[in-house]
Amino acid sequence: MAQKPQASDYPLQGKKGLVDYIADMKAYDVAVGKNPNKRGLHNYKEFGIYSIQDLIDFRTNTPWSRVDL
């Protein structure tokens, strides 16, 4: 079974870590039979997420969010 990428395994600062994370999440989505086209950099930018650190902060600050980022 495919291993889900963990955001904490990527560089916290800079766009490269987020882009690599999104690419790995798309590969994971394909492996588990989900639609990978629902994941894109623009989806993260809508929530003000520009780096892995922003993603981790978003998850910490909004545990009630049902958005699977």
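1. Threonine 62 counts as buried because its relative accessibility is 16%, where buried means under 20% relative accessible area, exposed over 50% and partly exposed in between (1.4 Å probe, protein chains only). The residue lies in the segment after helix 3 (52-61). Its side chain reaches the backbone oxygen of phenylalanine 58 at 2.5 Å. A polar contact is a pair of N or O atoms within 3.5 Å; within protein, one must be able to donate a hydrogen and the other to accept it, and residues adjacent in sequence count only if both atoms are side-chain atoms.

2. The model is a predicted one, in which local features need pLDDT of at least 70 and side-chain atom pairs count only at pLDDT 80 or more, while totals for chains, interfaces and linings use all residues. Residues are numbered from 1 along each chain as its sequence is written, and side-chain values use heavy atoms, with hydrogens and water left out.

3. On confidence, the chain averages a pLDDT of 88, and 94% of the residues score at least 70; pLDDT is the predictor's confidence in each residue, from 0 to 100. Where pLDDT is low, the predicted coordinates should not be read in detail.

4. The secondary structure consists of three helices and zero strands. Helices (H or I, at least four residues) and strands (E, at least two) are DSSP runs, numbered from the N terminus. From the N terminus on, the order is α-α-α. The radius of gyration is 12 Å, close to the 11 Å that the globule rule gives for 69 residues, so the chain is as compact as a globular protein of that length; the radius is taken over C-alpha atoms, and the rule is 2.2 Å times the number of residues to the power 0.38. The C-alpha trace spans about 30 × 25 × 20 Å along its principal axes.

5. Of the 69 residues, 32% count as buried. The accessible surface comes to about 4,700 Å², and 53% of it belongs to carbon and sulfur atoms. These areas come from the Shrake-Rupley method with a 1.4 Å probe; for residues, only the protein chains shown count as cover.

6. The largest nonpolar core has 12 residues, among them Ala7, Leu18, Tyr44 and Phe58. Such a core is a set of buried Ala, Val, Leu, Ile, Met, Phe, Trp, Tyr and Cys residues joined through side-chain atoms within 4.5 Å. Helix 1 and helix 3 are the elements that give two or more residues to this core, and the largest share, five residues, comes from helix 1.

7. Alanine 7, in the segment before helix 1, is buried with a relative accessible area of 3%. Leaving aside neighbours within four places in sequence, alanine 7 is in contact (heavy atoms within 4.5 Å) with Tyr21, Ile52, Leu55, Ile56 and Arg59. Phenylalanine 58, in helix 3, is buried at 17% relative accessible area.

8. Serine 51 sits in the loop between helix 2 and helix 3 and is buried, with a relative accessible area of 6%. Apart from neighbours within four places in sequence, serine 51 is in contact with Leu12, Gln13, Gly14 and Leu18.
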